[in-house]
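Dear colleague,

Please find below the structure that I am handing over to you, together with its sequence. My account of what was found follows directly after it.

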Amino acid sequence: LLVSIIIACFNKLEYTSQCVESIEAFTPEEHEVIFIDNGSTDGTGEWIKEKMLSHPNYRLIENEENKGFPVACNQGIELSQGEYIVLLNNDVVVSKEWLKGLIECAESSKDIAIVGPRSNFVSGPQIVTDTSEGYDSLFKYQQFAEDFRKAYKGFYTPYWRIVFFCALIKREVFDKVGLLDERFTPGNFDDDDYCRRVCLAGYRNMICGDVFVHHHGSKSFAETKYAELLSGNEAKFIEKWADYPKTISACMIVRDEEDCIAKCLDSISPHVDEIVVVDTGSKDRTKEIVSAYPKVKLYDFEWVDDFSEARNFANSKATMAWILSVDADEVLTGLEKLDLKPFYAYRITTRNYTTNQKYANITWNKGEYAEEQGYGWFPSTKVRIWPRDERIVWEYPVHEVVENSVYYLGMGI
């Protein structure tokens, strides 16, 4: 099993040397290191060439100018030979069993594509914020990382976004999804974009909770330019995904709902593209009422005392990009404000109106909506909107939820 470690460099030789020394000390696995020198002027290229004399597994790509992170990574990927590819910032210091741990996580399931460690300097849930008491030097860091691995052994968290300061990626992923998008040159949001593409291709990404690496943090970017790069590439990211389909299938199961179904359908019809209604045995006018709505697709389903089965049947009939779960006795407001992002699920708070003033968490009515009843309401919040994906299913015969599937896929919520 060969692992290709790709390190893009632009000056900051002192950090590159620390990074390489840690790889040499803590990486017994068979590996190659591919350096991409992005026009460094501090002797980085000469230092790498000297290291190559005693390390036949080191390779170097020299760029005359700084082509940025995405381009450099793509150059390295195209040259690499490993079954796994690690994209590693030159300001990272790895620790004992770092690569072993990442590979173990990646091999824990066939559908895992990208794996990233925890760290002291990273955005999102990979961050470990309490390292100040754990170590204040690189020497103490190694003991901290070793203890960290023992304490959290086998603790993996599905999450769609892995930051590419240190990311292990299966080669098959690049074969299927392609390379990094170079529009995000010189860097930032190239990892967000790639992770999203990977998830939409049917893979999962994973935070490897039992590997900790030290990250000095954004040493290849001038501090004054970092905020500008972040803002500019965020705009490119939003623009790229702006045309992602936003069509919605509203799905509901019904039975004898003639008193409320019309009000529900009136509230959602202007904002969705189709309405899947699954009737489980109505004996009143429910089916007659819903049939009058042009967006409704009506199906019969024999009731088997399992709400999840009925809801999953309804979901299977949906054809739009997104699914909105609705109950017949609900009236929805605010659907026109939705800003649906790919590979995100959305919670909706249901206002359950009551005349009982003794509920501990009651919120008093304020006349905000015409539908308000009683004295106030208490909330119940569930995931009710998600991308149509056969991997997302309802679970449990009663008090059914899709949260388990959403969490398993590592979707943003």
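The structure holds one cavity of 30 Å³ or more. Please bear in mind throughout that this is a predicted model.

**Cavity and pocket**

The volume of the largest cavity is about 40 Å³. Its lining consists of Cys251, Met252, Ile253, Arg311, Ala314, Asn315, Ile323, Ser325, Trp386 and Trp394. Three elements, namely strand 10 (248-254), helix 11 (307-316) and strand 13 (322-325), each contribute at least two residues to that lining. Sorted by class, the lining of the largest cavity comprises seven nonpolar, two polar and one charged residues. Two of the lining residues, Arg311 and Trp394, also meet in another way: the charged end of Arg311 sits over the ring of Trp394, 5.2 Å from its centre.

The largest pocket contains about 1300 Å³ of space. A total of 42 residues line the largest pocket, and Glu330, Val331, Leu332, Thr350 and Arg351 are the ones nearest its centre. Strand 10, helix 9 (261-268), helix 11, strand 14 (346-354) and strand 16 (376-387) each provide at least two residues of this lining. Strand 14 gives the most, with eight residues. The lining of the largest pocket has 17 nonpolar, ten polar and 15 charged residues.

**Strand 4 and its neighbours**

Strand 4 (residues 84-89) is mostly covered, with six of its six residues buried. Tyr84, Val86 and Leu88 point one way from the strand, Ile85, Leu87 and Asn89 point the other way, and all are buried. Strand 4 pairs with strand 1 (residues 3-9) in the parallel sense, over six bridges. Strand 4 is also joined to strand 8 (residues 166-170) by five bridges, and these two strands run antiparallel.

Phe189 counts as buried because its relative accessibility is 14%, which falls under the 20% cut-off.

Helix 7 itself (residues 190-200) is mostly covered, with ten of its eleven residues buried. The buried residues are Asp190, Asp191, Asp192, Asp193, Tyr194, Cys195, Arg196, Arg197, Val198 and Cys199. Gly202 follows helix 7 and has a positive phi, near 105°.

**Aromatic residues**

The count of aromatic pairs comes to 22. One of them is the edge-to-face pair of Tyr135 and Phe212, at 6.0 Å centre to centre and 75° between the planes. This pair links distant parts of the chain, 77 residues apart: Tyr135 lies in the loop between strand 6 (112-119) and helix 5 (138-151), and Phe212 lies in strand 9 (residues 204-215). Both Tyr135 and Phe212 are buried. The rings of Tyr344 and Tyr346 have centres 6.5 Å apart and planes at 35°, so this pair is tilted. Tyr346 counts as buried because its relative accessibility is 18%.

Ring pairs also link Tyr135, Tyr141, Phe144, Phe148, Tyr152 and Phe212 into a cluster. Elsewhere, the charged end of Arg204 sits over the ring of Tyr408, 3.7 Å from its centre.

**The loop between strands 13 and 14**

Phe343 is placed in the loop between strand 13 and strand 14. Is Phe343 buried or exposed? At 2% relative accessibility, Phe343 counts as buried. Phi of Phe343 is near 60°, a positive value in a residue other than glycine.

With kind regards

Technical notes. Residues numbered from 1 in each chain as written. Predicted model: local features only at pLDDT ≥ 70, side-chain atom pairs only at ≥ 80, totals over all residues. Heavy atoms only, no water. Buried < 20%, exposed > 50% of the residue type's maximum accessible area, 1.4 Å probe, protein only. Helix = DSSP H or I, 4+ residues; strand = E, 2+ residues; numbered from the N terminus. 1 Å grid on protein atoms, 1.4 Å probe; cavity = no way out; pocket = protein on both sides within 12 Å on 5 of 7 lines; lining within 4 Å. Points joined across faces, edges and corners; volume = space filled by probe spheres on them. Nonpolar A, V, L, I, M, F, W, Y, C, P; charged D, E, K, R; others polar. Phe/Tyr/Trp six-rings, centres within 6.5 Å; stacked < 30°, edge-to-face > 60°. Lys NZ or Arg CZ within 6 Å of the ring centre and 35° of its normal. Pairing = 2+ DSSP bridges.
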